[in-house]
Amino acid sequence: MTDPASALAPRVQAAIVAALGEEFEGADPVIRPFTLKPKKGQQAAPAPAADLQINAAMALAKRAGRPPREVAQAIVDALREQGIDDLATDLEVAGPGFVNVTLADSWVADAAQDLLADDRVGVPTPPAQVIPLDYSSPNVAKEMHVGHLRTTVVGDSLARTLERLGHRVVRQNHIGDWGTPFGMLVEHLLEVGETSEEAALLETDPNEFYKAANAKYKASKDDSAPDSFAARARKRVTLLQSGDPDTLRIWERLLDRSKAYFNRVYTELGVTLTDADLDGESRYNDELGPICEDLERTGVAEISDGALCVFLDGFTGRDGQPLPVIVRKSDGGYGYATTDIAALRHRSLDLDADRVIYVVGAPQNLHFRMVWAATRKAGWLRDKTEPLHVQIGNVLGTDGKILRTRSGDLVSLQSLVDAAIEKAGTVVAESRPDLDEQQRASIAEAVGVGAIKYADLSVSHDSEYVFDLDRMVALTGNTGPYLQYAAARIRSILRRADAAETPGPIVLTEPAERTLALRLLDYGKVVAEVGESLEPHRLAAYLFDLAQAFTGFYEQCPVLKAEPAEVKASRLALCALTLRVLVDGLSLLGISAPEEM
């Protein structure tokens, strides 16, 4: 990796051993970026007096039996003795025992030049893992709503990032395609006619089809007549679960119609899920009975009030009573817990997963923890497999409440995308009246989709945020369009450069150049951190900081009019490298970078 902290770390570790002894080999050098907080009354912090800070002395002083400043000075002396001038020009012991490090301009320039020549722009390749990634997970015959926006966008960004790091990502779109609701859906389709206008809603407005079926079911669920809609729907569930050919045919039609709808939304959003990634509840139907038999036979599960339950240590309800995982209900049916146990067993034992990641709403955390514990108790979760819940917070309206329509329904995902593209179209039309209609439409789609994705990914996945289109599509501030505009601006600079001019080598003559180069060197480290923490907002924050650093560079350092030629070539190289990092980073967020804005 080309980031400064990684370059400095082995030298500090060697200096710690030289200063304190062999028993300190492998000690954490505790290297952090040097930052200053604004003082009271200041709008912003002053420019940092150094680039990095070594905090190891603070952690090692007690163990070494020496004051922190004395340990810090011993580390500095050892660094100077072993030779540090090629990397750092200044080492200063400060405060109670910090070591401030100023990097050599020549090292920063050379590292940036190496990054420009690197096909991976500094992104490392850690030991490869197998990672099933469960995300999006809509329900068949239901319209995708605002709740699916975050699970889909965050999950897809994680899939892209983990693959970029060299891991084998197994996308798992665990759609709801089985169980009680499908009896009513199949029966409703038969009643309205498979070629009727209402049946066509499955492709154009699936939620309306679902609501009509559900209304019929609710209206007749207390009717004891054997031919009532509710009675026929319940019977249809039995036929579906037993493999009745005609019921399965209709179920498959429902599934095909819904897949066409899902894929249309995924394509518009630029999401990488395909039909090959479907891992619906129906996949595990034949395994549920044998799973329950095994759990009961081995004593992992027991009958309680007619239901088959797994009781786990550490899980109790509000009343203090044990909280069970119900794997078979008293009526003989199976719930989400049974299907999720089957899915985790498959992902751990069959796929040999290292990590299993669930990108699902935060309220499901207790459910997942209990399912994982039950699967482990049954012996179906390998020791090497680590299940992880990436908890997703809510999307709020400007009133601070969960985003809903006037009728109280959750806002559809398609309507959010359409509104964002329309809003972006207005912004593009105002800023670029010189473009033809087709060009504006193409840019508006990229900007609109990028705007809602970035707004989602720029906040921590487990926090809430307000869906505010005016702010999202703005070309200034911490927005997706601001980053897209930065990339388009760089492309414009490079297009206007003399074709005979070759970018580089990089030399640093101005502070703004150095600031930009240092920020570029952090890219690989940030991507690696996202792969470990599963927090895409870290990458979004980095890209925004990078775009701001480029803006400062652009305003203070002329590029096309720079003199002499060596400075111009260097600045073109910094532009080219910034563009590569911005485009690569945006792609990991699932955001495109239009050629022009």
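**Aromatic pairs and an enclosed space**

Trainee: How many aromatic pairs does a search of the whole structure find?

Mentor: Rings of Phe, Tyr and Trp (its six-membered ring) count as a pair if their centres lie within 6.5 Å. On that rule, a search of the whole structure gives a total of nine.

Trainee: Before we continue, what kind of model is this?

Mentor: Residues are numbered from 1 along each chain as its sequence is written, and side-chain values use heavy atoms, with hydrogens and water left out. Local features need pLDDT of at least 70, side-chain atom pairs count only at pLDDT 80 or more, and totals for chains, interfaces and linings use all residues, for the model is predicted.

Trainee: Is the pair of Tyr 261 and Phe 262 stacked, edge-to-face or tilted?

Mentor: Planes under 30 degrees apart count as stacked, over 60 as edge-to-face and the rest as tilted. The ring centres of Tyr 261 and Phe 262 are 6.0 Å apart and the planes lie at 55°, so the pair is tilted.

Trainee: Why is the pair of Phe 550 and Tyr 554 classed as it is?

Mentor: Both residues lie in helix 20 (residues 537-556), four residues apart, about one turn of the helix; helices are DSSP runs (H or I, at least four residues), numbered from the N terminus. The centres of the Phe 550 and Tyr 554 rings are 6.1 Å apart and their planes are at 25°, so the pair is stacked.

Trainee: Which of these is Tyr 554: buried, partly exposed or exposed?

Mentor: Buried means under 20% relative accessible area, exposed over 50%, and partly exposed in between (1.4 Å probe, protein chains only). Phe 550, at 0%, counts as buried. Tyr 554 has a relative accessible area of 33%, so Tyr 554 is partly exposed.

Trainee: What is the volume of the largest cavity?

Mentor: On a 1 Å grid over the protein atoms alone, a cavity is a set of points where a 1.4 Å probe fits but cannot get out; lining residues have an atom within 4 Å of a point. Grid points are joined across faces, edges and corners, and a volume is the space filled by probe spheres set on the points. The lining of the largest cavity includes Phe 262, Tyr 266 and Asp 275. The volume of the largest cavity is about 40 Å³.

Trainee: Over which ring does the charged end of Arg 63 sit?

Mentor: A charge sits over a ring if NZ of Lys or CZ of Arg is within 6 Å of the ring centre and within 35 degrees of the ring normal. The charged end of Arg 63 is 4.2 Å from the centre of the ring of Phe 24.

How values were computed: 1 Å grid on protein atoms, 1.4 Å probe; cavity = no way out; pocket = protein on both sides within 12 Å on 5 of 7 lines; lining within 4 Å. Helix = DSSP H or I, 4+ residues; strand = E, 2+ residues; numbered from the N terminus.
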